[in-house]
Amino acid sequence: MGYSKNLGAGLFAMLLLAPAVLASDPDPLQDFCVADLDGKAVSVNGHSCKPMSEAGDDFLFSSKLAKAGNTSTPNGSAVTELDVAEWPGTNTLGVSMNRVDFSPGGTNPPHIHPRATEIGIVMKGELLVGILGSLDSGNKLYSRVVRAGETFLIPRGLMHFQFNVGKTEASMVVSFNSQNPGIVFVPLTLFGSNPPIPTPVLTKALRVEAGVVELLKSKFAGGS
């Protein structure tokens, strides 16, 4: 009798859970799901779909990466993003792209993409590409000068950077396996966070005096 009750309770629990399990489908359920960026629907892993009757016919095409960015910045580089916010047609497809332009000596400073692996190609010039392994790899730095037409690969979540080692302008185009790869710029995050990381935390972590930390914070004031 006890076994029968337990079996019945188990079946009842499975029936209760079944709708939640069956409500998910890992494959696309339509050809396109153009992001409704102004929609009010709750977004868990992507935006709600705009009705195809309102989507037009240009959501599969973009010319945004055709134009170089303005590299007159503190880093001497400019990032042109083409994620779901800029290209709603990528919604739910798990892809996006960036273009990065560099002046001579410009850098794309150490950063992390928490939600995507990156693959890139240098379009012009020559860039020192560095990828930092995790503690498991002994914090090893993998680096190489990558020239026009050559490619590089950066696993998800690993810190990396690019630096223009040439005497002319350089540019690269990268692709991500996420419509919203995210980015964490390490210097900006450490010294320009809002609210700021307490100075004693940084002095202890970086093993420097408080004056050094305050100086670095002043360089990134306002999140720039």
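**Which strands each supply at least two residues of the lining of the largest cavity?** They are β2 (96-102), β3 (107-112) and β9 (170-176), with strands taken as DSSP E runs of at least two residues and helices as H or I runs of at least four, numbered from the N terminus. This is a predicted model, where local features need pLDDT of at least 70 and side-chain atom pairs count only at pLDDT 80 or more, while totals for chains, interfaces and linings use all residues. Residues are numbered from 1 along each chain as its sequence is written, and side-chain values use heavy atoms, with hydrogens and water left out.

View 1. Among the lining residues are V79, N98, H111, E118, M172 and F176. β9 gives the largest share, three residues.

**View 2. One aromatic pair.** The whole structure has one such pair (Phe, Tyr or six-membered Trp rings with centres within 6.5 Å; stacked means planes under 30 degrees apart, edge-to-face over 60, tilted the rest). F191 and F220 are stacked, 6.3 Å centre to centre with 25° between the planes. F191 sits in helix α3 (residues 186-191) and F220 in the segment after α5 (210-219), 29 residues apart.

How values were computed: On a 1 Å grid over the protein atoms alone, a cavity is a set of points where a 1.4 Å probe fits but cannot get out, and a pocket is an open set with protein on both sides within 12 Å along at least five of seven lines; lining residues have an atom within 4 Å of a point.
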